[in-house]
Amino acid sequence: MYVEADYDLCESNAICVGLAPQVFDLNDDEELILTPGPVPAEMEDRVRDAILQCPRAALRESSGK
C-alpha cells in the first residue's frame, strides 16, 4: 500500500500526523510530508483511517505506480 496527497487540497490540519506519525509529518512551514515508499504493513489500518478522517479529502491510497 502507498498513500498520496493532493497538496492543493491539504490544509495541514495534522489529523493524519496524529493517527500515523510514522507515515505523515509536517515540515517547519507546516506543510505535509509523506514518508517515501510503501506504508509499513502494521500501519495500513491507521493510514486508511487517516484517509477517511482527512477533512479536505486530500489523501488517497495508491498502488505506488
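## Residue I15 and helix α1

A helix here is a DSSP run of H or I at least four residues long, numbered from the N terminus. In this predicted model, helix α1 covers residues 15-19, and I15 lies in that helix.

I15 has a relative accessible area of 34%. Because buried means under 20% and exposed over 50%, I15 counts as partly exposed. Apart from neighbours within four places in sequence, I15 is in contact with Q53 and P55. I15 and E31 are 16 residues apart in sequence, and their C-alpha atoms are 13 Å apart in space.

## Overall fold

The protein chain has 2 helices and 4 strands, which follow the pattern β-α-β-β-α-β along the sequence. Its C-alpha atoms fill a box of roughly 30 × 20 × 20 Å along the principal axes. The radius of gyration is 11 Å, which agrees with the value near 11 Å for a compact globule of 65 residues.

Of the 65 residues in the protein chain, 32% count as buried. For contacts between residues at least 6 apart in sequence, 60% join residues at least 24 apart.

## Nonpolar core

The largest nonpolar core has 19 residues, of which V3, V23, F24, V47 and L59 touch the most other members. Two or more residues of this core come from each of β1 (2-5), α1, β3 (32-34) and α2 (44-53).

L59 is also described by its contacts. Leaving out neighbours within four places in sequence, L59 is in contact with E4, A5, C16, F24, L32, A50, I51 and C54.

## Cavities

The structure holds 2 cavities of 30 Å³ or more. By class, the lining of the largest cavity has 12 nonpolar, 2 polar and 2 charged residues.

The second largest cavity holds about 40 Å³ of space. Its lining is made up of V3, Q22, V23, T35, P36, G37, P38, V39 and P40. By class, 6 of these lining residues are nonpolar, 3 are polar and none is charged. V3 and V23 belong to the lining of the second largest cavity, and both are among the residues that touch the most other members of the largest nonpolar core.

Conventions: Residues numbered from 1 in each chain as written. Predicted model: local features only at pLDDT ≥ 70, side-chain atom pairs only at ≥ 80, totals over all residues. Heavy atoms only, no water. Buried < 20%, exposed > 50% of the residue type's maximum accessible area, 1.4 Å probe, protein only. Contact = heavy atoms within 4.5 Å. Core = buried A, V, L, I, M, F, W, Y, C linked by side-chain atoms within 4.5 Å. 1 Å grid on protein atoms, 1.4 Å probe; cavity = no way out; pocket = protein on both sides within 12 Å on 5 of 7 lines; lining within 4 Å. Points joined across faces, edges and corners; volume = space filled by probe spheres on them. Nonpolar A, V, L, I, M, F, W, Y, C, P; charged D, E, K, R; others polar. Rg over C-alpha atoms; globule rule 2.2 N^0.38 Å.
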